[in-house]
Amino acid sequence: MPNLASRRVVFQLVAAAAMVVAVPAVGPAIASDPAQLVQSTAQQVIEIVKTKTGADRQAAILGVLQSRFDMPAMARAALGTHWNTATEQERARFLKAVATAEAKAYSERFGQYGGQTLTIGKVTPRNGATIVDSRLNQTSGPPIKLEWEVRGDRITDVKVEGVSMVMTRRSDFNSYIQSHGGKVEPLVSELEARAAR
Amino acid sequence: MIGVTRAFAASIRRSIVAVALAGTVVGGCASGDTGAAEVWDPLETPNRFIFSINRAVDLIALRPLAVMYRDLVPERAQTGVRNVLDNLGEPVTAINEVFQGDPNRAATTMARFLVNSTIGVAGIFDVASSFGLERTKEDFGKTIGLWAGVEPENGGFYLMLPAYGPSNARDGTGLMMDYLVDPFRILTFNLAIDWDVWQIGRYGMNAVDYRSRTIFALDDLEKNSVDYYAALRSAYTQNRADQIREKREKTNARSELERRDNLALVR
């Protein structure tokens with residue numbers, strides 16, 4: 001236990017040092033308040049869901065994903081160690097396919113939601129990122145627990161009831177790759193085929 | 001007389017199995033501490049086989065039933081059913097809260113149970129909540145996870161249970177323990193009043209009710225994954241870990257003080 005505690009202290013120090021270095025690099029022009037970022041992103045998405053449907057909505061959601069989320073980093077994390085074995089071309093195709101798939105998933109997911117609000121809770125620094133707790137209040141039933149991971153001025157992960165989007169994709173992709181000869185190509189093709197559907 | 005003795009013997013035999021399994025869990029946790037990386041799934045092949053059977057049963061029986069239940073039964077009736085089922089589960093929650101070292105919370109749960117069973121007409125109405133007695137739901141898997149001293153993502157080997165769905169060594173053992181200590185099971189069993197009818201009715205209703213509330217999330221996960229089995233395995237493990245972590249943070253004295261500090265700041 002003491003070993004673990006001291007390791008945590010070291011980690012916090014490193015994280016603190018990293019933040020000291022990182023903060024000036026971000027610059028004052030960009031909204032660097034994570035809670036503000038989450039709140040405005042949620043507001044933007046609610047606005048899109050209210051006013052747009054179908055392909056328009058998917059395009060608008062893709063815009064939000066690309067401007068508010070760090071999609072390349074998320075896709076890379078989702079691919080895990082397989083990122084290193086992928087060719088440059090596969091990586092590019094993968095990034096594009098994942099962005100399209102997520103945009104599609106999100107526009108359909110919110111299509112079934114309606115009249116919901118987001119309440120921002122506690123903001124805590126963790127492992128060099130900032131965690132923004134929030135509750136998605138539903139019209140019926142208990143609120144859903146949402147946790148946002150923010151690095152710099154971008155969202156890098158969303159946890160729904162403790163289930164991380166990136167972690168789940170990572171297991172999902174990794175398992176698919178392993179059952180298809182350890183190659184990234186079949187996964188990319190599958191994602192592209194799904195995006196085209 | 002003979003029947004009672006035999007039942008008692010069977011009950012003891014089951015307890016021994018459970019204790020033995022609990023032993024393997026604790027042992028398993030100590031050796032395979034993989035943290036958050038990938039879920040430990042040495043039984044993947046049989047698990048996938050059971051998963052495919054579960055999915056077939058779900059597709060032709062459980063899901064359609066759950067959809068009908070969700071869409072056709074009036075919402076107030078659904079709430080009533082859920083309240084009755086939740087109320088029957090309160091004693092098990094209270095027992096777990098004792099094992100979790102929180103007798104005060106256990107007392108609140110028992111107070112809820114007494115209030116709802118009487119004033120709430122056999123649990124149909126959750127009047128206790130309007131008295132300020134909030135509902136908690138605990139199970140033995142969480143109790144083991146609380147004390148296990150490993151990352152809560154590590155619940156021993158992953159296990160796909162027939163009919164029940166995703167679980168692992170920790171939660172599977174927990175499920176068995178909850179079943180063994182459940183006063184309602186013991187009561188109906190010992191009184192031998194149509195034991196199986198009551199139990200099957202209760203577990204069946206529980207299954208339909210629970211499935212009706214997970215339709216959206218599971219459909220979403222299935223649609224947006226390339227390997228549904230792996231995605232569900234990851235999502236289940238993370239969700240359970242989150243519940244246990246929340247539990248640990250609540251019982252951790254330091255975080256409790258921090259929580260109070262935050263509250264004081266708000267005031």
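Me: Which pattern does chain A follow, read along the sequence?
Reply: Happy to start there, keeping in mind that this is a predicted model. Chain A has eight helices and five strands. Read along the sequence, they follow the pattern α-α-α-α-α-α-β-β-β-β-β-α-α.

Me: And how much of chain A is buried?
Reply: Chain A has 197 residues. Among its contacts between residues at least 6 apart in sequence, 50% join residues at least 24 apart. As for burial, the buried share of chain A is 38%.

Me: What is the mean pLDDT of chain B?
Reply: Let's look at the parts and then the whole. Residues 1-9 of chain B stay under 50 in pLDDT, with one contact beyond four places in sequence. Residues 12-36 of chain B also stay under 50, and there the model has 25 such contacts. In chain B, 79% of residues reach 70 or more, and the mean pLDDT is 82.

Me: Which ipTM and pTM does the model score?
Reply: These are two scores for the model, which is a predicted one. Its pTM is 0.80 and its ipTM is 0.79.

Me: What area is buried between chain A and chain B?
Reply: The size of an interface is often given as the accessible area lost when the parts come together. Here 27 residues of chain A are in contact with 22 residues of chain B. Carbon and sulfur atoms give 45% of the buried area, which is about 2,000 Å².

Me: How far apart are the closest N and O atoms of B:D242 and A:K145?
Reply: Between chain A and chain B the count is three salt bridges. B:D242 forms a salt bridge with A:K145, and their closest N and O atoms are 2.7 Å apart.

Me: Which helix of chain A gives the largest share of the side that touches chain B?
Reply: Across the interface, 14 residue pairs are in polar contact. On the chain A side, helix 6 (88-112), strand 3 (144-151), strand 5 (163-164), helix 7 (165-178) and helix 8 (185-196) each supply at least two residues. By class, that side has eight nonpolar, eight polar and eleven charged residues. The largest share, ten residues, comes from helix 7.

Me: Is B:D178 buried or exposed?
Reply: B:D178 sits in helix 7 (residues 169-181) of chain B. Leaving out residues up to four places away in sequence, B:D178 touches B:V92, B:N96, B:D139 and B:F140. Its relative accessible area is 12%, and the cut-off is under 20%, so B:D178 is buried.

Me: Which residue's backbone nitrogen does the side chain of B:D178 reach?
Reply: B:E134 can be set aside: B:D178 and B:E134 are 44 residues apart in sequence and 21 Å apart in space, C-alpha to C-alpha. B:F140, by contrast, is among the residues that B:D178 touches. At 3.1 Å, the backbone nitrogen that the side chain of B:D178 reaches is that of B:F140.

Me: Is B:N54 buried or exposed?
Reply: B:N54 lies in helix 2 (residues 44-72) of chain B. Its relative accessibility is 14%, and the cut-off is under 20%, so B:N54 counts as buried.

Me: Which residue has its backbone oxygen 3.0 Å from a polar atom of the side chain of B:N54?
Reply: Not counting residues up to four places away in sequence, B:N54 touches B:M160, B:L161, B:P162, B:A163 and B:G165. The backbone oxygen 3.0 Å from a polar side-chain atom of B:N54 belongs to B:L161.

Notes
Residues are numbered from 1 along each chain as its sequence is written. Chains are lettered from A and ligands numbered from 1 in the order in which they are written. This is a predicted model: local features need pLDDT of at least 70, side-chain atom pairs count only at pLDDT 80 or more; totals for chains, interfaces and linings use all residues. Side-chain values use heavy atoms; hydrogens and water are left out. pLDDT is the predictor's confidence in each residue, from 0 to 100. Contact means heavy atoms within 4.5 Å. Buried area is the accessible area (1.4 Å probe) that two parts lose on being put together, summed over both. A salt bridge is a side-chain nitrogen of Lys or Arg within 4 Å of a carboxyl oxygen of Asp or Glu. A polar contact is a pair of N or O atoms within 3.5 Å; within protein, one must be able to donate a hydrogen and the other to accept it, and residues adjacent in sequence count only if both atoms are side-chain atoms. Helices (H or I, at least four residues) and strands (E, at least two) are DSSP runs, numbered from the N terminus. Ala, Val, Leu, Ile, Met, Phe, Trp, Tyr, Cys and Pro count as nonpolar, Asp, Glu, Lys and Arg as charged, and the others, Gly among them, as polar. Buried means under 20% relative accessible area, exposed over 50%, partly exposed in between (1.4 Å probe, protein chains only).
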